[in-house]
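Subject: Structure handover, with notes

Hi there,

Here is the structure I promised to pass on. Please have it open while you read, and my notes follow below.

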Amino acid sequence: MKPMHAAAALTFALAATASAQGASAKGGAAPLTAHLPAGALLTLETKGAAPAFDRLTGVIGSVLDGVAEAGGEEMEASGAMLRGFSGVLADSVGREGVAGVFTVQGKGGTFTPALLAVARTGDLSAEMFSSFIPKKKGARVGAYPFVRSGDLFAGQANGLVYLSSDKALLMSYLGRLSGKAAPTLATSAPYAQATRAAGPVQLGAYLNFSATAKVIRGQFSQFMLPRLLSPVVDALDTLGQVAGGLTTTDTGLNTVSAQVVNTAGKDRPLARLLTHTTDFGVQDIIPADVEAVQATACAPESNAYAARWLTRLDLFEPFGFLTDSQLASHLERSGQYLGSECAQVTLSGGLLASLDQSDPLAALATAVTYQSVRDRTAAEAHLPEYAQSVNEALAGLRVTLKSAVGDLMKGDLGGLDEDGVAAMMAAGSFDQLDEMLAGLKMVYAFEGDYLITAFSEEALQAALAGKDAPLAQDPAFQAAGLTLTGSGGWGYQPDLADLGGDDLMGSLPAEFEEMDMEETLGPVMDAMAGLINRYDGMTSQRSVEGNVIIGKANVKYRW
């Protein structure tokens, strides 16, 4: 198989993880995971996703058609090609597909990752895939042949196309297909618990963080594990397993995730943080006209936990901001008076502000954070020192950066060689960063039992001004029916005002405006705006059952 053909075969197999699938496997065949080896670190899967496949390709096709109608004739051919290609995908990965990273035993008893991808095929796609597999003598496991092509092993038989980066891994899979009794992915406890908790999805993924941590430890066993990395591996192990994905509907799409926290992991504080729940009241002071809210049950010890990580990173932070701001110390102290509610909020006008490339600080004027307070007296005593320390550190960071730019520019502007051009570009980037830092200032205010913080006085005042018309009293928010007691968290985003192509043009770098690209890019931006305007809002919910965290979201979208 030529390298190009090998890459194409791999692309098609992996496409099973990025696109939807058509009808279920013929004849009620067992799912692919029923024969895949146990020990997957990661899988990307599709199953029963014909509607998702049609909707996603339909959306992309409509954009291409819109651009073509506006004068981009070259896009008409692209739309036709997409529709033709979608038929091939529907007959192959559109049926069912899995691409996974599995552990295989390497030298010295250590385990290393390897790829294994499998997809079902129909008559049309089977003929196409057969052209990618070289006609030469190979090997066979039962009724399943395969050949080697470069670094890949690939084959096709009995309605399946399969490939792997490791010969032994592929043979173990084909052996299971041929009836050999061996542990399979579908029956392995980590995979089964996570995927059953999440439920069926059209496009899905599975990640085994604990197994990944084990592989990392195995690799580091050959030499001393760096002390700094040990807590990282412990945290990774504690994350356990996560499974989930999305399913499209006539009115949008639903997502679901299930995380099985490894309570036997060494990072016990992380396990507590992940499974923390609380009763939410922050919606009673958040303005009703906000554009997005992400509320989280944050345990009081979360700031102290973050402080420990910042302390580990402090020695490696090149500009001294963490040391100058004493951020780790302030976070640990704030944990003594903060409560269990945290909310990141985008105020009215946030979307348009984020598209304004001419003002990098515009988005900050619509971003605020809410945190519940257990001890108002302690908070009022600490916050002035906290804010002063952060703001002085930001000013010091500007001086440090200017000094770095000065050192970079010395001697580099005498001639416009490559180094001089690079120095000028770096200086321009630092100028933009300096402008942004100049506008940053940590500000805060108290509202009842909540602390509101921002890095823009405008944002803080907007949040305070809107408290008299709170989100909790908004009919649309009430209709969402979110669980606000005993909750791990929730998210809410209403249907936003429509964008225009001109708004998106404003999000492009200034260089495009100087190049007078409006006539060329205008139709594309109009089509993209139409695509974005189909989005009509989102709600999400996070719940905790023992050591299992269930996350669900409902996205409204007009396909």
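In which handedness of crossing does H10 pass H12? The crossing is left-handed, where left-handed means that the near helix is turned anticlockwise from the far one by less than a right angle, and right-handed means clockwise.

Before the rest, some ground rules. This is a predicted model, in which local features need pLDDT of at least 70 and side-chain atom pairs count only at pLDDT 80 or more, while totals for chains, interfaces and linings use all residues. Residues are numbered from 1 along each chain as its sequence is written, and side-chain values use heavy atoms, with hydrogens and water left out.

**Overall picture**

The protein has 20 helices and 18 strands; these are DSSP runs numbered from the N terminus, with helices (H or I) of at least four residues and strands (E) of at least two. Of the 559 residues, 47% are buried, where buried means under 20% relative accessible area, exposed means over 50% and partly exposed lies in between (1.4 Å probe, protein chains only). Looking at contacts (heavy atoms within 4.5 Å) between residues at least 6 apart in sequence, 73% join residues at least 24 apart.

**Helix packing**

Two packed helices are described by the angle between their axes and the distance between the axes. Axes here are lines fitted to C-alpha atoms, for helices over the stretch in contact, and angles run from 0 to 180 degrees between N-to-C directions.

Back to the pair I opened with: H10 (residues 302–314) and H12 (residues 327–334) pack at about 165 degrees, with axes 7 Å apart. The two are therefore roughly antiparallel; that label is for angles over 145 degrees, with under 35 counted as roughly parallel, 65 to 115 as roughly perpendicular and the rest as oblique. On the H10 side the contact is made by Asn303, Ala304, Ala306, Ala307, Leu310 and Thr311, and on the H12 side by Leu327, Ala328, Leu331, Glu332 and Ser334. Sorted by class, this contact has 7 nonpolar, 3 polar and 1 charged residues. The classes are nonpolar (Ala, Val, Leu, Ile, Met, Phe, Trp, Tyr, Cys and Pro), charged (Asp, Glu, Lys and Arg) and polar (the others, Gly among them).

H10 also packs with H8, at an angle of about 145 degrees and with the axes 11 Å apart. This crossing is left-handed. Pro231, Val232 and Ala235 of H8 meet Tyr305, Trp309 and Arg312 of H10, giving 5 nonpolar, no polar and 1 charged residues.

H8 (residues 229–238) has a further partner in H7 (residues 209–220): their axes come within 7 Å and cross at roughly 150 degrees. That makes H7 roughly antiparallel to H8. Among the residues that meet are Phe209, Ile216 and Phe220 in H7 and Leu229, Val233 and Leu236 in H8. The contact of H7 with H8 holds 7 nonpolar, 2 polar and 3 charged residues.

**Nonpolar cores**

A nonpolar core is a set of buried Ala, Val, Leu, Ile, Met, Phe, Trp, Tyr and Cys residues joined through side-chain atoms within 4.5 Å. The largest one has 31 residues, and those with the most contacts inside it are Leu36, Leu116, Val118, Tyr162, Leu170, Tyr173 and Leu174. Helix H5 (residues 167–177) supplies the largest share of this core, 5 residues. Another core lies apart from it, with 28 residues, including Val282, Ala297, Leu471 and Tyr492.

**Single residues to look at**

Most residues other than glycine have a negative phi. Two loop residues have a positive value:

- Asn158 has phi near 50 degrees, sits between strands S6 (152–157) and S7 (160–164), and is exposed at 56% relative accessibility.
- Gln326 also has phi near 50 degrees; its loop runs between helix H11 (321–325) and H12, and Gln326 is partly exposed at 42%.

Ser456 is in the loop between strand S15 (450–454) and helix H16 (457–465). This serine is buried, at 14% relative accessible area, and, not counting residues up to four places away in sequence, Ser456 touches Leu364, Ala365, Lys441 and Val443.

Leu246, in strand S9 (residues 241–249), is partly exposed at 24%. Its C-alpha atom is 9.1 Å from that of Ala52, 194 residues away along the chain.

Happy browsing!
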